[in-house]
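These are my notebook entries from a first reading of the structure shown below. I set down each point as I looked it up.

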Amino acid sequence: MFILSRSVKNTFIVIMVILILVTTLPIAIFVKNESDRETDLALTTLNNALELQTNYMTRWFDLNIMEDIKAASKLRSVQSLDLDAMAEDLKAMAEDRTDLAKLLYFDRDGNPVLDSENGDISEEQFNISDREYFKAGQEGLPYITSVIQAKDEKSVKFIGFSVPLIIDGIFEGVILGSVRLSNLINLTKDHIFGEGGSFRLFDYNGVPLGENFSEATPCFSPDEVKDEEGLLIDNTSDSGKKQMLKIAPLAHGNLFVGVVLDMDEIKAGSSRIAKTHIKILISSVVLGMIFFLLLSRSVTISIDKIQRQLSSASEMNYAPTPIPPSGMPLELKRIWESVEYLKDQVCKSIQEVREMSVRDALTGLHNRRYFEEEMSRLSHGDQDPVAIAMCDVNGLKLVNDALGHEWGDKLINKAATALKDVSQPGDTVARLGGDEFALLVPNSPEERDIGADLKASMATVNLDEGIPLQMAWGIAIGNASRRSIEEIAKDADDSMYARKETQRDDARDAILTFFLRMISTREGRKVGHMERCRYIMAAFVPTIDEVDEIFRKRMIRLAGIHDIGLVGVNPSILGNTGPLSEDEKKEVRAHPEIGYRIAIAAPTLSDLADAILHHHQRWDGTGYPFRKDAVSGKGIPLESRIMNLVDSYEAMTHRYYGKSMTHEEAMEEIRRCSGTQFDPEWADRFLAFLKEKGPGVL
């Protein structure tokens, strides 16, 4: 047991007081400054989350709802204003989609005509010609309505999505689809960020949308919301916690989306750093205790050096000093090494958090936030000239619709690889979102040809057997000291969109060729089947006198591509030699719908979309993809009825599994199924053709 003199004790107390002051003073300064940082970080987090959610909901409206309602307006029955067939088609489409509550058709005067639930509603006494969505339709524009509630106060509430019905350039009314308000609320409710962030929807009066939204008090005035800046509101939760609420309008309509951030989440980050400084304080106290026990000059000097090291760390200077001073006792060397390890871990944690905030999770490239920071850094002109390449992947939606988002992600990563191969040290490659990429090149040399490099890189990544990458780009070079860097980026963006328009068809043709190659690789007999169908169709259509040459050519094209939707079916199912399960049958029977989506997305095939969709629909209303009795008889497009005959004959005479039928047996089977599977009139005409051609038809 040590017996210490009064002077030694006083010296120890003075040193301990100095240690505590030196350690805690930077913490106090840090806490004061951190309050301002918390507010800035909260605003940045709100803006980023709000931008992502607004873009997500806008794309969800456009791709999941508006595209389906536009597809409804393009149906043959709608374009021909065949009200009976239109009622059946709208009913089938509404029942097949869980998103849509109902579909309605209003004529050019705003009078009700049909809805997908009740059919003919022309007797109802109301008119919508004064509604904003009808006026938008007269101008050829889609529209998203505010909240709609039926006359019964207990009925479900809806949001309406309208598109104009244009036939031969003439406005013939609007197609209005409705989505349950609860679906949209769930869409935002299920999205969270961090631990305390959430999203809310508001109607055009600023009232939060929920089960009893009509009884709620408006949270803001819509006039206060600026399109570019939005509206920031200090808020308090039901539990009394401080929150920040940022609100922005959604495109095409009268809805607002808000993002709510609990300030406790922001403060949690500061708390973690404060805990790190507390650990440093504890380390200082431990060092003081060691000094108190050892009471040696060498220990005092060593502790003083360690204290300077800790004071530097408390001021957020984490520069490494891995070699301890000479003469330091072994025990204190270990403490020195522990402090260095702690500093190294803090540095790594800060870097990891930074990287996570500026990296795209899918590709590993930098994200839009980092790209904009780099743009701001280069805007001073000290690294002129600056080159910017804006890039956009062509055909991504077509790939997602046909093969699913897993394949779409592969295509996005392929684009990322091509851009990384082009980049050089000092360049910034970023994924701005969706199918958009950018390359930022400071101090761009005149001899560097970014466009040629991109072309060569795309050729390299397309050497594999995967989905072909088709990418449009625009490049602009300028001096940020003379014009704003945003103007340079806009020039590149405009150039990219101009190039994209010229490449759109070629890109889709390349992807369609890849789809056919996939089908051939997975199951070559399907390509052979389509080729034989094309051969039969080419021989049959010239015998049809009452149709024109355009119809004949369309039928031959249809025969050669009618099963393209098989590209979206699991290859293990297509290659199955035994009976299929119900789930497997369901997946196979989805191929007309997949083919329809592919055809709709490709302008060169859009005229075949309806025929592909219905080519397995039977005359008596059975078949697929529509449910029984949804589409039957002459409600099935003529092209599909003829294709069904050619498809069935070829399949019967060229069975892949089991014994194929003879020419005569196949004719007898078609005769037997006339009036059930096949259109009786066209079955007779096709049989007459087969009889004349005999077995040599193929």
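Does Asp 234 count as buried or exposed? I found a relative accessibility of 62% for Asp 234; because the cut-off for exposed is over 50%, Asp 234 counts as exposed. I note here that the model is a predicted one.

**Entry 1: around Asp 234**

I placed Asp 234 in strand S9, which covers residues 231–236. Leaving out residues up to four places away in sequence, I listed its contacts as Gln 243 and Met 244. I also looked up the pair Asp 234 and Lys 246: 12 residues separate them in sequence, and their C-alpha atoms are 8.8 Å apart in space.

**Entry 2: His 366**

I then turned to a loop residue. His 366 sits between helix H8 (330–358) and helix H9 (368–378). Its relative accessible area is 13%, so I recorded His 366 as buried. Again without residues up to four places away in sequence, His 366 touches Val 358, Arg 359 and Asp 360, and also Thr 428, Val 429, Ala 430 and Arg 431.

**Entry 3: a four-stranded sheet**

Which strands form the open sheet, and in what order? I read the order as S13-S14-S12-S15, with antiparallel pairing. S13 and S15 are the edge strands, each pairing on one side only. From one strand to the next, the twist averages 20 degrees.

**Entry 4: helix H11**

I recorded H11 as residues 405–422, a helix of 18 residues. From first C-alpha to last, H11 reaches 26 Å, close to the 26 Å expected at 1.5 Å a residue. Its buried residues are Gly 408, Leu 411, Ile 412, Lys 414, Ala 415, Ala 416, Ala 418, Leu 419 and Val 422. I noted that a lysine, Lys 414, is among them. Besides strands S12, S13, S14 and S15, the buried residues of H11 pack against helix H10 (396–403) and helix H12 (450–461).

**Entry 5: cysteines**

How many disulfides does a search of the whole structure find? The search finds zero.

Terms used:
Residues numbered from 1 in each chain as written. Predicted model: local features only at pLDDT ≥ 70, side-chain atom pairs only at ≥ 80, totals over all residues. Heavy atoms only, no water. Helix = DSSP H or I, 4+ residues; strand = E, 2+ residues; numbered from the N terminus. Expected span 1.5 Å × (residues − 1). Buried < 20%, exposed > 50% of the residue type's maximum accessible area, 1.4 Å probe, protein only. Contact = heavy atoms within 4.5 Å. Disulfide = S-S within 2.5 Å. Pairing = 2+ DSSP bridges. Axes fitted to C-alpha atoms, helices over the stretch in contact; angles between N-to-C directions.
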